[in-house]
Structures are given as C-alpha cells and as structure tokens.
Amino acid sequence: MSAPLMVKTKAYRAAVARALAEHQPRKVLDICCGDGWLPYSLGPDVELHGIDFFEQVPKGYHRFEVADFNQGLPASLEQYDAIVCCEAMGYLQNPGLFLQSVSKHLKKDGIFILSIPNPNYVGARINHLIQGFPRSYSWFKQNDTMEPHMPWLSLGIFQLWLLLGLNGFKDMQVHEVDEEKPRHLWEHLLGFVIKGFAKRRLKKAPSESVRQLWTLAMRDQVVYGRQLVVSAVVK
C-alpha cells in the first residue's frame, strides 16, 4: 500500500495528522504503531519514536521499543512534544496508570492525541441498550488468557474527560473526522433528542470544565460519528 493510502484508508488518521500539524511538534512518540502510517503524515524535521508489542520495526522511526504499555510507558523513554495513541486505549487494563505515564513523558504544554471507536454515537447507544454492551467491544469467547485485539473498555468522551482530568491533562478537544454523519434519518432524529439533553446539562453545569464537556457532547462527531479523535494538553 502506498504512503498516501496508508493515511487515507482510515479517516481517523487524517484527523490525527491535522491535530499534530496544528501543534507543530518537533519530537513525537507513537504508541501502538500498527502498520507504521504516522511517519508519512509528518514533516522531515520531526523526530519520531515508536513503541508497540510487536518486534518488527516499522519504517521511518528514529527509535523503536517493544514493551507492554499496559504497565505504563517505560521510564527509559524521552520527553516529547506530542504523544499519539491510535485504536489502543480500549485494550488497556490500567488506563489511569497508562495516562499518568504519558503525562510524565510530555514536555510542558505537550499534547496527547488518541483515537478510539465512538461508543456514544446514536447507533451504538441503541445497540448498547438492547444487548448490554457496545457493538465494538463484543468479545465474550473466553476470559482465561489474553489475546490480541481483545477489548473490554468502552471509552467515550465522558470516561475520557474523567480519566484525562484525573491523570494530569486539561483542555480536552474533539477533532472532526471526515466521515458521513448522520448516515440514516433515524440517527438524525435520535441525535436531536441527545443534543437536547446535553443542552439542558450544559445550562446547569457548575464549572467551566463541565461546560466544556457538555459542549463537546453536542458535537456532530460525538453524536453521529463512528470514530473519536480526542486531544488534551498536559497540566
């Protein structure tokens, strides 16, 4: 697959790349590198480090380390202007510990950018209501051994707002992903109800941080989008 296609085939990747470009980092850490797409979205002057479970080193990384980041980032890693984690937060057993370690490896005003499947869009809410768990996290085959791609965390903006705020971050933002939203008329109708609820909570918000949360909760990306790309700045 060509370099441009590696970025374009998944819409969240372009959103992550735009968020990084806005911050203009000089040194970036890529957590869970996947197929190694991130180097193709960065300028030549950016120093990129990577960490993953896998031993195969992707191209374009100045430094690569194999580690289980479920135990937090290795202390041996450096300080970064930006840290990226795509499609991995749902697999972590210790998300608070992980975020604490991320904050420790960010420079002052450094940014953390993550992408996850969105459990808050209208279709997922209906599915959750019926079966009791989100569609994207339907892994109930066995619980004795850990397997690849075995998620158990349903992290939406509400959980991320709590986790990020409690573990060293501020100013959470939701970034626009280029995807069709809403996809169906019934989604639009249910989304109107969801946004109305969020507006009522916004009016009663006791603090600026809570007002920011409910403002984000009304965004089309949250109500209709299948993906979430979220960023926050280290305190």
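A polar contact is a pair of N or O atoms within 3.5 Å, where within protein one atom must be able to donate a hydrogen and the other to accept it. By that criterion, in this predicted model, the backbone oxygen of Tyr224 lies 3.2 Å from a polar atom of the side chain of Arg226. The protein chain that holds this pair has 235 residues, of which 50% count as buried, and its secondary structure comes to 8 helices and 7 strands.

**The chain as a whole**

- Among contacts between residues at least 6 apart in sequence, 66% join residues at least 24 apart.
- The protein chain exposes about 12,200 Å², and carbon and sulfur atoms supply 56% of that area.

- The buried residues Glu187, Gly191, Ile194 and Ala198 belong to H6, and because they cover an arc of only 65 degrees around the axis, they sit on the same side of the helix.
- On the face of H6 turned away from its buried side are the exposed residues Leu185, Leu189, Phe192, Val193 and Lys203.
- The cover over the buried residues of H6 includes helix H4 (122–131), helix H7 (208–217) and helix H8 (220–223).

**Helix H4**

- In H4 the buried residues are Val122, Gly123, Ala124 and Asn127, and what covers them includes H6 and H8.
- After H4 comes Gly132, whose phi is positive, near 95 degrees.

**Strand S2 and its partners**

- Strand S2 (residues 47–52) is largely enclosed by the rest of the structure, because 5 of its 6 residues are buried.
- Strand S1 (residues 27–31) runs parallel to S2 and is joined to it by 5 bridges, with Gly50 of S2 as the bridge partner of Asp30.
- Strand S3 (residues 63–66) also runs parallel to S2, through 4 bridges, and here the bridge partner of Ile51 is Glu65 in S3.

**Arg226, in the loop between H8 and S7**

- Arg226 lies in the loop between H8 and strand S7 (227–234), and its relative accessible area of 18% makes it buried, since the cut-off for buried is under 20%.
- Leaving aside neighbours within four places in sequence, Arg226 is in contact with Pro117, Asn118, Tyr121, Glu179, Arg183, His184 and Glu187, and Glu187 is also one of the buried residues of H6.

**Lys181, in the loop between S6 and H6**

- Lys181 lies in the loop between strand S6 (169–175) and H6, and at 19% relative accessibility Lys181 counts as buried.
- Not counting residues up to four places away in sequence, Lys181 touches Glu176, Asp220, Gln221, Tyr224 and Gly225, and a polar contact of 2.9 Å joins the side chains of Lys181 and Gln221.
- Lys181 and Tyr224 are 43 residues apart in sequence, yet their C-alpha atoms are 5.3 Å apart in space.

Methods:
Residues are numbered from 1 along each chain as its sequence is written. This is a predicted model: local features need pLDDT of at least 70, side-chain atom pairs count only at pLDDT 80 or more; totals for chains, interfaces and linings use all residues. Side-chain values use heavy atoms; hydrogens and water are left out. Buried means under 20% relative accessible area, exposed over 50%, partly exposed in between (1.4 Å probe, protein chains only). Helices (H or I, at least four residues) and strands (E, at least two) are DSSP runs, numbered from the N terminus. The arc is that of the directions from the helix axis to the C-beta atoms. Contact means heavy atoms within 4.5 Å. Two strands pair if DSSP finds at least two bridges between them. Accessible areas come from the Shrake-Rupley method with a 1.4 Å probe; for residues, only the protein chains shown count as cover.
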